[in-house]
Amino acid sequence: MNNLFNYKVALISVLGFGAITFIINLNGSIVLTALAAVKEMIFRFFWAGFMGRLLQWISERYKEGIKFYLAAGIIPALIALVLTFIIHYFTYTPYPIRTVEVTTVLTFFSGMGTAFFFKRGWFKV
């Protein structure tokens, strides 16, 4: 399991992105807001677990350079942009575009932060 999934990154992502999605959609229906947060939490658990493990694997092979940090931010953000759009736009999220915009930007910085932590040996499984 540890070769495919980083549970430490997944749990941090679930808490952070679930709360952010809930706050973004708070002006909508409370039921739809809660469902949007749950959808995001489920998605982020699997997404962050597998992507975190991939970034950990890459960080162990590439020891120097800024390219790794940029790739760690851009690649997950672009893929998450498409997936979160599908998850929220077609499933009754109160504010789907705003949710996708904010979570994509945060995914970029989260990926770079995760790469930074992995380079220092934190959160590795």
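User: Among the contacts in the chain with a separation of 6 or more, what share joins residues 24 or more positions apart?
Analyst: A contact is a pair with heavy atoms within 4.5 Å. Counting the contacts with a separation of 6 or more, the share that links residues 24 or more positions apart is 79%.

User: What kind of model is this, and how are residues numbered?
Analyst: The model is predicted, and local features need pLDDT of at least 70, side-chain atom pairs pLDDT 80 or more, while totals for chains, interfaces and linings use all residues. Side-chain values use heavy atoms, without hydrogens and water, and numbering along each chain as its sequence is written starts from 1.

User: How do α2 and α3 lie relative to each other?
Analyst: The axes of α2 and helix α3 (residues 67-89) come within 11 Å and cross at roughly 155 degrees. Axes are lines fitted to C-alpha atoms, for helices over the stretch in contact, with angles from 0 to 180 degrees between N-to-C directions. Angles under 35 degrees count as roughly parallel, over 145 as roughly antiparallel, 65 to 115 as roughly perpendicular, the rest as oblique. The relation of α2 and α3 is therefore roughly antiparallel.

User: How many residues of each class are in the contact of α2 with α3?
Analyst: Phe43, Trp47 and Met51 are among the residues of α2 that meet α3, whose side includes Phe68, Ile79 and Leu83. Ala, Val, Leu, Ile, Met, Phe, Trp, Tyr, Cys and Pro count as nonpolar, Asp, Glu, Lys and Arg as charged, and the others, Gly among them, as polar. The division is 13 nonpolar, 3 polar and 3 charged.

User: Which hand does the crossing of α3 and α4 have?
Analyst: The axes of α3 and α4 are 8 Å apart at an angle of about 150 degrees, and the two helices are therefore roughly antiparallel. A crossing is left-handed if the near helix is turned anticlockwise from the far one by less than a right angle, right-handed if clockwise. Here the crossing is right-handed.

User: How does α2 lie relative to α4?
Analyst: Helix α2 (residues 30-61) packs on helix α4 (residues 96-119) with axes 10 Å apart and an angle of about 40 degrees. That makes the arrangement oblique.

User: Which residues does Gly111 touch, leaving out those up to four places away in sequence?
Analyst: Gly111 lies in helix α4. Beyond four places in sequence, the residues touched by Gly111 are Leu55, Ala72 and Gly73.

User: Is Gly111 buried or exposed?
Analyst: Buried means under 20% relative accessible area, exposed over 50%, and partly exposed in between (1.4 Å probe, protein chains only). Because its relative accessibility is 5%, Gly111 counts as buried.

Terms used
Helices (H or I, at least four residues) and strands (E, at least two) are DSSP runs, numbered from the N terminus.
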